[in-house]
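Subject: Structure for you to look at

Hello,

Here is the structure I said I would pass on. Please open it first and keep it beside you while you read the notes below.

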Amino acid sequence: MSGETAPPLARSTLDRAAHRRGDAQWLTEAWLRARVLLLDSTDEGRTLVRTAASPPALVLFGAADVPAGSESIAMFLGVEPDGVPVFAVDTPLPVLPGTRAVSLREVGHLLGDREAGLFTTALALVNWHTRHGYSAATGAPTEMDEAGWSRVDRNGGRIWPRTDPAMIVLVHDGVDGPDGRCLLGNNAGWPGTPGGRRYSCLAGYVEPGESAEAAVLREVREEVGIGVERIGYVGSQAWPFPGSLMLGFLATADPTDPVEVDPSEIAYARWFTRREIGAALAGKTVDVGDGAQLILPPPSSIALFLIHRWLDGWVDADR
């Protein structure tokens, strides 16, 4: 059993202290006593962790130990329970003994609540800033403002960070026990893996004017050609690659309905029993045809969290 009560990137202990973002005097003083997380946006937003620590421990710096001038591009993340402010800076990472550079995909599920929240928030902000150097309304260049929580152009036009809502759903047959089945798909855009084929939950962006539940119905119908019922919300997590919020659902479908994939989106789709999913999670080979074995979603994803919920018997989201 997974034992997880929240998706891996939905954890945090940080007080975001939003009322401080426009307080220039407080921010100047806070920088001098802050902890600073360095991320490199040119390298997947990687940061440093200590190689000897288990679980991984983020490397946080003092303001005096980061590149000169960093305070002008520092993003204020919030205040920790011990009262110390935390900032993030987008900069090339230093080479330090006993550390290694990692991505959030690699270690997000391994981090404690505190560090998962810091890394996820910092990466989401960094990725937003790298994509919004110009105003969408006027085309004018923008600059960081409000301690990283907005950007402003020369005429005072302001934009704020945005998150793209996306739904992700584990479709299952509603049957308890080892013979219960779930429907997973292989996205047509995923790179191939020698000897393996990744299957995951069905997902898609919520369109303008659409509810998340309506997006579940539409996306499942578009991608695999079946209808779903008993849609139940499970939870959400940020997925800052580059800027999504994944809204997780469980839903039921009739496994006798023919699966008809949209080849522009889904290369393969099929039903798996709990026996097969459990075997794959235990490191055993599960054949999916053409000499390939089943690969499940990465541990930092909400997709694997939903699969665990179903595998552990949570066939209804409100159970």
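Two strands count as paired if DSSP finds at least two bridges between them. By that rule β9 pairs with strand β10 (residues 158-159), in the antiparallel sense and over two bridges. Please keep in mind that the model is predicted.

The strands around β9

The hairpin of β8 and β9 has four residues between its strands, and E146 takes a positive phi near 50°.

In a regular strand the side chains alternate between the two faces of the sheet. Are the two faces of strand β9 (residues 150-153) covered or open? Both are covered: S150 and V152 are buried on one side, and R151 and D153 are buried on the other.

The core

The largest nonpolar core has 50 residues, and the members that touch the most others are L170, L184, I277 and L294. This core lies between domain 1 (18-131) and domain 2 (164-312), because both give residues to it.

To see one of these members in its surroundings, select L170. Leaving out residues up to four places away in sequence, L170 touches C182, L184, C201, F249, L250, A251, L306, I307 and W310.

A279

A279 is part of helix α5 (residues 274-281). Why does A279 count as buried? Its relative accessibility is 18%, and buried means under 20%. With residues up to four places away in sequence left out, A279 touches K284 and V286. L294 comes 15 residues apart from A279 along the chain, and their C-alpha atoms are separated by 9.8 Å.

The largest pocket

The space in the largest pocket is about 640 Å³. Its lining has 26 residues, and I168, W190, A203, W239 and M246 lie nearest the centre. Which element gives the most to this lining? β14 does, with four residues. Elements that each supply at least two lining residues are β11 (164-172), β12 (181-187), β14 (202-205), β16 (244-252) and α6 (302-311).

Regards

Note on methods: Residues numbered from 1 in each chain as written. Predicted model: local features only at pLDDT ≥ 70, side-chain atom pairs only at ≥ 80, totals over all residues. Heavy atoms only, no water. Core = buried A, V, L, I, M, F, W, Y, C linked by side-chain atoms within 4.5 Å. Buried < 20%, exposed > 50% of the residue type's maximum accessible area, 1.4 Å probe, protein only. Domains from an automatic or database assignment. Contact = heavy atoms within 4.5 Å. 1 Å grid on protein atoms, 1.4 Å probe; cavity = no way out; pocket = protein on both sides within 12 Å on 5 of 7 lines; lining within 4 Å. Points joined across faces, edges and corners; volume = space filled by probe spheres on them.
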